[in-house]
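Hello,

Here is the structure I promised to pass on. Please open it first, then read my notes below.

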Amino acid sequence: MPLSSEQQLELQTQLQQVVVACNERCLYFAANWSAELLNSFAKSEDGPTDDSEDTDIDDDTDAPPHGQYLNHDPKEARLEARELRRFFLAKSLFDCREFDRCAAVFLPTQVPHSTSSPQITSPNRVSFSSSQHKPLAQVRSNGKSVFGSQPAKPKASALPKNLSQKALFLALYARYMSGEKRKNEDSETILGPADGPVTANKGIPGILALLEEYFNARGGLQDITNSQGWLDYLYGIALLRTKSDASAKQWLLRSVNLQPYNWSAWLELASLVGSPEEMQQFSERLPRNIMSLFFHIHCSQELSQQTPEVFNALAQMESIFPRSAFLQQQKAMLHYHGRDHESALQIFDTLLKEQPYRLDGMEIFTTLASIASDVDKFRPETNCILGNYYSLISEHEKAVLHFRRALTLDRNFQAAWTLMGHEYIELKNTQAAIESYRRAVDTNRKDYRAWYGLGQGYEMLECHSYSLFYYQRAAALYPGDPKMWAAVGNAYAKCNKTANAIQAFKRALVVGSHIDTSSSFGSSAGNHDPLAHAVGGALDPQILYEIACLYEKDGAWDEAAAYMELTLAQEEGAGEEGVGEEEGLGVTQVTCRARLWLARFCYARGEWARTMELANELCQDGWEVEEAKGLVRDVRGRLALAEEEEVEG
């Protein structure tokens, strides 16, 4: 959907303004994302760059001055002008990572966070008595406290009068960042005793109390006339960190409707989307603008949804932003999740050539180790790339070391948690693997690899009901991978749920092959199995063998024999009917076990010719030779005895 020149100019103006607004509020990731988007329009429409521009700049222009965000609220504009000098000081302190000093510029507090106490009071003994903070008390029901070092009952600082929304946001965001900084310091080592949910951001309850007071004084959630959307975003992430997902969703939806170009708010909202159905529910309450399409693309990529609608949305966005690295990254990840690794690699290679210093989303690569190290050794992506490299050459201890370094730099870097879990599985450290996968799921509930890893960990501990639950979550998130359904089937089998296991294994076969079946398993016309004619290595012989064994366990001997025959059929080529030149899998250990099973089955039914054929093939293949020779001798003896009886008769 190409934009007109007026629409493009309006979009550029909005992006310019939001870059300035995000920078003013120290939301640097959102500012960076918007600035990249602003510079990704087609070159022909952008005109010459600043370096090649020779013409004079007109004095009269409608664009806002550089570094200035136009505030359309006269009252807010007057407040911002009055506190401008203090705002410059606060922002400078934030940029220097002096978060407490930054917050104190606008929200002075009597008790510094750093005040030490000779006797630390238990967090469970700290409570609030003020009736106006009831929702905050609910937040504290888990026993966490903001000021654990104070034996007296803490009291939220009163909101100063005549403070602009921009100043209040910066002060509260500085408090939030201060809490995150102390949380990381208190967490100490990765996977240590203080790491994880045990250590919380102690600044969040106070932030929630102040914002609750602020919004209650302005009409609450329903009244949007007095809000710019930034404080709504901050309230949403504070609620999200306290696991108040329902309330967080409401405030984040309100934020993206009021301030649609704040990409950080969209990302927090995306973390609450757990399925395509939930994404559809969200779409009904989203603003009707271009950012909703970006949100749809991002969520679809995280949910591994390779649908025509997603690629159509990508094509529409690329027609507007043909040089967008973000869109190229999303397309590459969609191909990667769809197991089209060649296309994904081509897109990433092109992106790397165009932007050689950009490491975002490159952590799945193993070939960029030297390049990433030269760009920045202290990026989480760099350490993930190095960890992947060492994992590839089976140096799992070194891989774990680099993944831990990545997490030391950013404890919310979800890919590192998942990859470190894989390495602990290889090292047979099941408990560490399970904890790593749990942290990955806490960070991103849509990562099917982490759910699958949890299933693996509990399977190694022989907790099959737990592993079944996690495998089901992985299969629900990524239904297009036969590996997920095979794991579900195996877990069902371990739980003695034979019928469910057979259905899951058959789903794995259909997903993993190119067979098109519109009917459910076992319900096609004539009661023929839709998989019955698959030959030439189209199906996984191991899964076929597992299905046959389950039928045997259930006493369905004919079905078991049919699937054993189907397992044997995977050795053959599919060129018999001129379908193609593909060859079968050839003789494997699984097909030999199926051949031995069929030989025994035919022997039990007195089918001596078929038994001899199968047993001789086993002798030629070199698998189970002794038992095959025994069957041959036995069958020959029975045939000789039958001939003697016929002669005597």
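What follows covers the repeats, one arginine and the nonpolar cores.

Bear in mind that this is a predicted model.

In the model, residues 380–413 are 79% helix and 0% strand. The end C-alpha atoms of that span lie 7 Å apart. Residues 414–447 also come out at 79% helix and 0% strand, with the end C-alpha atoms 9 Å apart.

Next, Arg254. This residue belongs to helix H11, which covers residues 245–258. Is Arg254 buried or exposed? Its relative accessible area is 8%, and the cut-off for buried is under 20%, so Arg254 counts as buried. The Arg254 side chain reaches the backbone oxygen of Asp223 at 3.0 Å. Beyond its neighbours within four places in sequence, Arg254 contacts Phe215, Gly220, Leu221, Gln222, Asp223, Ile224, Ser227 and Asp232.

Now the cores. The largest nonpolar core has 164 residues. Which of them touch the most other members? They are Leu269, Ile290, Phe294, Phe295 and Phe321. Helix H29, residues 589–604, gives the most to this core, with 10 residues. Ile290 is worth a look on screen. Leaving out residues up to four places away in sequence, Ile290 touches Leu11, Tyr261, Met317, Ile320 and Phe321. Another core, of 15 residues, lies apart from the largest one. Among its members are Ile347, Leu351, Met362 and Ala369.

Best wishes

Terms used: Residues numbered from 1 in each chain as written. Predicted model: local features only at pLDDT ≥ 70, side-chain atom pairs only at ≥ 80, totals over all residues. Heavy atoms only, no water. Helix = DSSP H or I, 4+ residues; strand = E, 2+ residues; numbered from the N terminus. Buried < 20%, exposed > 50% of the residue type's maximum accessible area, 1.4 Å probe, protein only. Polar contact = N/O pair within 3.5 Å; in protein donor to acceptor, adjacent residues only side chain to side chain. Contact = heavy atoms within 4.5 Å. Core = buried A, V, L, I, M, F, W, Y, C linked by side-chain atoms within 4.5 Å.
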